[in-house]
Amino acid sequence: MTAYFTPAFFDFFRELKRHNTRPWFEKNKPRYERDVRNKLVDFVLAAGPRLKAISPHFVADPRPIGGSVFRIYRDIRFSKDKTPYKTAGAVHFPHEHRTGAAPGFYLHLEPGGVYSGVGLWHPDTAAVGQVRDAIVADPQRWKKVTTAKAFTATLTVEGRSLKTVPRGYPKDHPHLDDLKRTDFTAGHTFTEKEACSPDFLDHFIGNCRVAAPFTKFLTDALGLPF
């Protein structure tokens, strides 16, 4: 079994962080393509069929441009930080529903911090309301999903939250903290060593499988198939 990611993957980003300029990147572009971009594409190709076994409605698109692999180029038009390149690699597996808010699976690989995530990140106001309404309508299901032993042992529910109870929701609801959420995500962190191990894909898919009931709750709340 071959590892999809190697120390060379993370070494590239360490050096890029120190030399985040177009001349340096152009000189090292073959390294980027070999050690980073192609590795991410291979990971997407391998993960796709295994994600389909969890749900057929999530997309694994191996195209290096316009697919599941995030671009390395930063959008600096409205940013004070004008460094041109991202210093981390990432892939996402979005729901096939692309016209509005929908949950997805995500992997972020950065020197010193590898993160596997799932859920709704920065959804629009309507989607947030739909999830809150689903929690109020079936609090027992939400509790079962978010307190399951396998889920809590592997993933942490996280994201942005309001400081006060959103208008129109009961202030004594048993899941008050969850009703305050404006993100509905769950994540797990890995070490670089774990990400470079031959069985890393197994662990990533395992996290996605553990998160399936959580993801299904979100898709059901949004009226989407799982």
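The model is a predicted one, in which local features need pLDDT of at least 70 and side-chain atom pairs count only at pLDDT 80 or more, while totals for chains, interfaces and linings use all residues. Residues are numbered from 1 along each chain as its sequence is written, and side-chain values use heavy atoms, with hydrogens and water left out.

**The sheet**

A word on names comes before the strands themselves. Helices (H or I, at least four residues) and strands (E, at least two) are DSSP runs, numbered from the N terminus. Two strands are said to pair if DSSP finds at least two bridges between them.

With that settled, follow the order β1-β2-β3-β5-β4: these five strands form an open sheet with antiparallel pairing. At its edges are β1 (89-94) and β4 (156-158), each of which pairs on one side only. Neighbouring strands are turned against each other by 25° on average, direction ignored; angles in general run from 0 to 180 degrees between N-to-C directions, and axes are lines fitted to C-alpha atoms, for helices over the stretch in contact.

| Strand pair | Bridges | Example of facing residues |
|---|---|---|
| β1 and β2 | six bridges | Val 91 and Leu 107 |
| β2 and β3 | seven bridges | Phe 105 and Val 118 |
| β4 and β5 | three bridges | Val 157 and Ala 186 |

β2 and β3 form a hairpin with two residues between the strands, and there Gly 112 takes a positive phi near 85°. How much of β5 is buried, where buried means under 20% relative accessible area, exposed over 50%, and partly exposed in between (1.4 Å probe, protein chains only)? Five of its seven residues are buried, so β5 is largely enclosed by the rest of the structure.

Helix α9 packs on the sheet, where it touches β2 (104-110), β3, β4 and β5, and its direction makes about 40° with that of β3. Here and below, contact means heavy atoms within 4.5 Å.

Helix α3 covers residues 125-137, which makes 13 residues, and it reaches 18 Å from its first C-alpha to its last, close to the 18 Å expected at 1.5 Å a residue. That expected span is 1.5 Å times one less than the number of residues. Which residues of α3 are buried? They are Ala 127, Val 128, Gly 129, Val 131, Arg 132, Ala 134 and Ile 135. These buried residues pack against β3 (113-120), α4 (139-147), α6 (176-179), β5 (184-190) and α9 (212-221).

With 38% relative accessibility, His 122 counts as partly exposed.

Thr 182 belongs to the loop between α6 and β5. Is Thr 182 buried or exposed? Its relative accessibility is 16%, so Thr 182 counts as buried. Not counting residues up to four places away in sequence, Thr 182 touches Pro 123, Val 128, Arg 132, Arg 160, Ser 161 and Leu 162.

Gly 159 is in the loop between β4 and α6, and a relative accessible area of 44% makes Gly 159 partly exposed. Apart from neighbours within four places in sequence, Gly 159 is in contact with Arg 181, Asp 183 and Thr 185. Gly 159 and Leu 120 are 39 residues apart in sequence and 9.2 Å apart in space, C-alpha to C-alpha.

**Two packed helices**

Two packed helices are described by the angle between their axes and the distance between the axes. Here α2 (residues 22-54) and α8 (residues 200-210) pack at about 35°, with their axes 10 Å apart. On the α2 side, Phe 43, Ala 46, Ala 47, Arg 50, Leu 51 and Ile 54 meet Phe 200, Leu 201, Asp 202, Phe 204, Ile 205, Cys 208 and Arg 209 of α8. By class, this contact has 10 nonpolar, no polar and three charged residues, where Ala, Val, Leu, Ile, Met, Phe, Trp, Tyr, Cys and Pro count as nonpolar, Asp, Glu, Lys and Arg as charged, and the others, Gly among them, as polar.
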